[in-house]
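Biologist: I'm new to this one. Can you put it on screen and walk me through it?
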Amino acid sequence: LSTAGNQLWTQGNLGLLDLAETGDEFGYALASGDFNNDTFDDLAIGVPDEDVGAIVDSGAVAALYGASTGLAATNNQFWTQQVSGIIDASETGDLFGHDLCIGNFNGDARDDLAIGIRDEDLGALSNAGAACILLGGAAGLKSVGNQFFSQDSPGIRGAAAIGENFGDGVFAGDFDNDGFDDLALGVHDDDVGGVIVARPGNIT
């Protein structure tokens with residue numbers, strides 16, 4: 001590592017989308033991978049306390065793409081749950097982008113991005129938590145084929161409950177050696193049996 005060529009990225013600077021605002025927490029989470037398979041790693045940046053319009057602390061994720069000179073603002077992206085095609089919608093205090101990880105979930109040679117939404121509300125269940133998956137494509141991350149998981153998703157064990165924070169921690173790896181990355185999700189405040197707010201929680 002050296003200082004030569006180092007970069008300092010902030011919202012609204014050097015061509016990045018959106019603007020810096022008090023309390024956004026741009027850079028709270030980081031994850032790197034090659035989303036467009038151009039041999040240069042790209043960077044996903046969590047902005048969990050980003051306000052989306054009047055929706056306070058709903059959260060966002062910025063994506064910067066790599067080039068021969070390092071990260072560049074060219075074709076940078078700014079993802080929220082309000083982006084067309086993304087499943088679900090931004091809500092106050094969701095913290096979309098609180099946790100990030102990279103995996104190749106569909107085995108297509110392009111890295112994909114898992115986004116933890118630790119305080120996602122599911123109907124009347126506040127802060128139940130969820131996770132969003134964005135797939136990589138020729139032009140980078142895309143909304144096509146995105147997925148949304150919670151403990152109320154078909155086939156997921158357990159059931160969503162108030163304050164469980166499903167998606168507080170996202171981790172990828174090929175757990176069954178089938179060539180496709182898998183996803184582990186922390187459920188930070190899951191109640192286990194009669195143990196209320198058991199810690200360290202549960203893992204799905």
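Biologist: Let's start with Leu 134. Which residues does Leu 134 touch, not counting residues up to four places away in sequence?
Modeller: This is a predicted model, so bear that in mind. In it, Leu 134 touches Trp 79, Ile 86, Asp 112, Leu 113, Ile 115, Leu 141, Lys 142 and Asn 146.

Biologist: Where is the place of Leu 134?
Modeller: Leu 134 sits in strand β7.

Biologist: Buried or exposed? What does the relative accessibility of Leu 134 say?
Modeller: Leu 134 counts as buried, because its relative accessibility is 0%. The cut-off for buried is under 20%.

Biologist: And how many Å apart in space are Leu 134 and Phe 166?
Modeller: They are 18 Å apart, C-alpha to C-alpha. In sequence, 32 residues separate Leu 134 from Phe 166.

Biologist: Now the core. Which residues touch the most other members of the largest nonpolar core?
Modeller: Val 61, Leu 100, Leu 113, Ile 115 and Leu 141 do. That core has 23 residues.

Biologist: Which strands each supply at least two residues of this core?
Modeller: β1 (29-33), β3 (60-67), β5 (96-103), β6 (112-117) and β7 (130-135) each do.

Biologist: Take Val 61. What does Val 61 touch, again not counting residues up to four places away in sequence?
Modeller: The contacts of Val 61 are Ala 44, Ile 45, Gln 77, Phe 78, Trp 79, Phe 96, Gly 97, Leu 100, Leu 113 and Ile 115.

Biologist: What about a second, separate core? Which residues does that one include?
Modeller: It has 11 residues. Among them are Trp 9, Leu 16, Leu 43 and Ala 62.

Biologist: In which sense do β1 and β2 pair?
Modeller: Antiparallel, over 5 bridges. Leu 30 has Ile 45 in β2 as its bridge partner.

Biologist: And how many bridges join β2 to β3?
Modeller: There are 5 bridges, and β2 and β3 run antiparallel. Across that pairing, Leu 43 stands opposite Leu 64 in β3.

Biologist: Switching to rings. What does the count of aromatic pairs come to?
Modeller: The count is 1 aromatic pair. Phe 35 and Tyr 65 form it, in an edge-to-face arrangement. Their centres are 6.2 Å apart, with 75° between the planes.

Biologist: Why edge-to-face?
Modeller: Because 75° between the planes is over 60, the mark for edge-to-face.

Biologist: Which parts of the chain does the pair link?
Modeller: Distant ones. Phe 35 is in the loop between β1 and β2 (42-47), and Tyr 65 is in strand β3. They are 30 residues apart.

Biologist: Are those two buried or exposed?
Modeller: Phe 35 counts as buried, at 0% relative accessibility. Tyr 65 is buried too, with a relative accessible area of 6%.

Biologist: Zoom out. How many helices and strands are there in the protein?
Modeller: There are 0 helices and 11 strands.

Biologist: What is the radius of gyration?
Modeller: The protein has 17 Å. A compact globule of 204 residues would be near 17 Å, so the two agree. The C-alpha atoms fill a box of roughly 55 × 45 × 35 Å along the principal axes.

Biologist: And what share of the residues count as buried?
Modeller: Of the 204 residues, 48% do. The protein exposes about 9,700 Å², and carbon and sulfur atoms supply 54% of that.

Notes:
Residues numbered from 1 in each chain as written. Predicted model: local features only at pLDDT ≥ 70, side-chain atom pairs only at ≥ 80, totals over all residues. Heavy atoms only, no water. Core = buried A, V, L, I, M, F, W, Y, C linked by side-chain atoms within 4.5 Å. Buried < 20%, exposed > 50% of the residue type's maximum accessible area, 1.4 Å probe, protein only. Helix = DSSP H or I, 4+ residues; strand = E, 2+ residues; numbered from the N terminus. Contact = heavy atoms within 4.5 Å. Phe/Tyr/Trp six-rings, centres within 6.5 Å; stacked < 30°, edge-to-face > 60°. Pairing = 2+ DSSP bridges. Rg over C-alpha atoms; globule rule 2.2 N^0.38 Å. Areas by Shrake-Rupley, 256 points an atom, 1.4 Å probe, with all protein chains shown as cover.
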